[in-house]
Amino acid sequence: MIEWALSKVILPVRLLHSFIMNLLPDRLVKQKLQSMTAIVNTELFQREECRAILLSIMTTTLKDLIQKREEEEACVELLSNILEVLYQRNVVCMLEMACN
């Protein structure tokens, strides 16, 4: 039952991954970053197994764009949102551990 539920969540993440990776590298860059930023703020990104898949593509994209000095403002927004979500998750985990 858990595997079935997990597969229902992973499939959309893999589709998102494929969609973003198949966009031409130098086309729709700002829109790609805006989409990633929106994804970070979803429940999907809260799930650890989904986040692992999504973070790999997001960090690679950020690295490439930052090195090229392209779309810096959108990169900063995406990175900021990622760090904010990860920080919140870390605080929640620490609080849960303290309560146990």
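## Nonpolar core

A nonpolar core is a set of buried Ala, Val, Leu, Ile, Met, Phe, Trp, Tyr and Cys residues joined through side-chain atoms within 4.5 Å. In this predicted model, the largest such core has 17 residues. Leu 33, Val 40, Phe 45, Met 58, Leu 62, Leu 78 and Ile 82 have the most contacts inside it. Helices α2, α4 and α5 (72-99) each supply at least two residues of the core. The largest share comes from α4, with 6 residues.

Met 58 is one of the residues with the most contacts inside the core. Beyond its neighbours within four places in sequence, Met 58 touches Met 36, Ile 39, Val 40, Phe 45, Leu 78 and Ile 82.

## Packing of α2 and α4

For α2 (residues 29-40) and α4 (residues 48-68), the angle is about 145 degrees. Their axes lie 11 Å apart. The crossing of α2 past α4 is left-handed.

From α2, the contact draws on Val 29, Lys 32, Leu 33, Met 36, Ile 39 and Val 40. From α4, Leu 54, Ile 57, Met 58, Thr 61, Leu 62 and Leu 65 take part. By class, this contact has 10 nonpolar residues, 1 polar and 1 charged.

## Cysteines

How many disulfides are there? The count is 0, by the rule applied here. Cys 50 has a relative accessible area of 0%. Cys 75 has a relative accessibility of 3%. Buried means under 20% relative accessible area, so Cys 50 and Cys 75 both count as buried.

Key: Residues are numbered from 1 along each chain as its sequence is written. This is a predicted model: local features need pLDDT of at least 70, side-chain atom pairs count only at pLDDT 80 or more; totals for chains, interfaces and linings use all residues. Side-chain values use heavy atoms; hydrogens and water are left out. Axes are lines fitted to C-alpha atoms, for helices over the stretch in contact, and angles run from 0 to 180 degrees between N-to-C directions. Helices (H or I, at least four residues) and strands (E, at least two) are DSSP runs, numbered from the N terminus. A crossing is left-handed if the near helix is turned anticlockwise from the far one by less than a right angle, and right-handed if clockwise. Contact means heavy atoms within 4.5 Å. Ala, Val, Leu, Ile, Met, Phe, Trp, Tyr, Cys and Pro count as nonpolar, Asp, Glu, Lys and Arg as charged, and the others, Gly among them, as polar. A disulfide is a pair of cysteine sulfur atoms within 2.5 Å. Buried means under 20% relative accessible area, exposed over 50%, partly exposed in between (1.4 Å probe, protein chains only).
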